[in-house]
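Morning, everyone. Let me put the structure up, and then we'll walk through it.

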Amino acid sequence: MRHNFGAGPCILPQEVFKQASQAVLDFKDGLSILEISHRTSEFEAVIEEARRLVKELLNVPEGYSVLFLQGGASLQFAMVPMNLLPEGQTASYLDSGVWATKAIKEVAAFGKANVVASSKSDNYTFVPKGFEIPADSAYFHCTSNNTIYGTEIFNFPETNVPIVCDMSSDILSRQIDVSKFGLIYAGAQKNIGPAGLTVVVVKDELLGKSGRKIPSMLDYKVHIDGGSLYNTPPVFSIYVAMLNLRWLKSKGGVAEIEKENIAKAQALYTEIDRNPLFKGTCNVEDRSRMNVCFVMNNPELEKPFLKFVEENGVEGLKGHRSVGGFRASIYNALPITSVHHLIDLMQTFAEKHPNQ
């Protein structure tokens, strides 16, 4: 058995793989899901169920729209200011990692970004706190979970400024109050489904106030009016996302998966803190439940340890090049048995390397 701790495209439940593979061969009357028209009633039922499940699982209130778009979170870095930042105004941003930095860079084409706080000087090992958000900000943007550095925001600021959040790597992993956000966006490839799909949840009243002409493909209102069918959508990605959302609902929804995610993260962090060979890389209070980053006290053992775990069924544990060490991504579909398997390997390796 392989245990997938990769940080990129997510691990998906086996039952979702089986259902998706069957639909590739025969979705309806011998037609593959890969070849059906997005204008058919059958696909319209798929996208509507996916939209309904997102609203149900996130408890999205009235007055918000759910969109299925393309371009990943990276396109949202530009779409957000294009749609929400009126000309001549300023948006506030929290710099907590690489993806936040890339989002800040895109604002310059539309207006000014005010960086209210940054942890860059400490290599993003913590989430900045205690900052002020100017009341005249068009919106405040933050990244809820930082995949590269293993930090996560657990308490969002109280503000009257609309909060925009990139939740690409922790959406649907924990309960949130959507009403506190003006816009949420997420690349699907962590907890929602396969790559190729981006989910946006936006408060309708924020739109149409930028004062600029927006190209149709980049205008949230156009996609709302078109039901996410303005152009050909990523049909297969939406279908697999729908299957994955069904799976999450069958497990008891976000509240239940959050309990599992807490248990997985606590077990792994406990071993990291206990085992003399390892240490965490970020502030304890900001440790991510999705991406557990750690290194070895003796860097010379890192390559042998990585080889050891790979020989014993572990995939994707190598850390990002800017941090080094290891990164265990424990998204929704990763079972706690995989976490225990990794812990067992850490303990076995420590027994083979005493006094290291």
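Predicted model: local features only at pLDDT ≥ 70, side-chain atom pairs only at ≥ 80, totals over all residues.

Residues are numbered from 1 along each chain as its sequence is written, and side-chain values use heavy atoms, with hydrogens and water left out.

Start with helix α4, residues 98–107. Helices here are DSSP runs of H or I, at least four residues; strands are runs of E, at least two; both are numbered from the N terminus. Which residues of α4 are buried? A100, A103, I104 and V107. Buried means under 20% relative accessible area, exposed over 50%, partly exposed in between, with a 1.4 Å probe and protein chains only. Down the axis of α4, the buried residues fall within an arc of 100 degrees, so they line one face. That arc is taken from the directions from the helix axis to the C-beta atoms.

Now salt bridges: a side-chain nitrogen of Lys or Arg within 4 Å of a carboxyl oxygen of Asp or Glu. The structure holds 17. One of them pairs R174 with E152, closest N and O atoms 3.3 Å apart. It links distant parts of the chain, 22 residues apart. R174 is buried at 7%. E152 is buried too, at 1%.

Next, R274 and E271, at 2.7 Å. Both lie in helix α7, three residues apart, about one turn. R274 is partly exposed at 48%, whereas E271 is buried at 4%.
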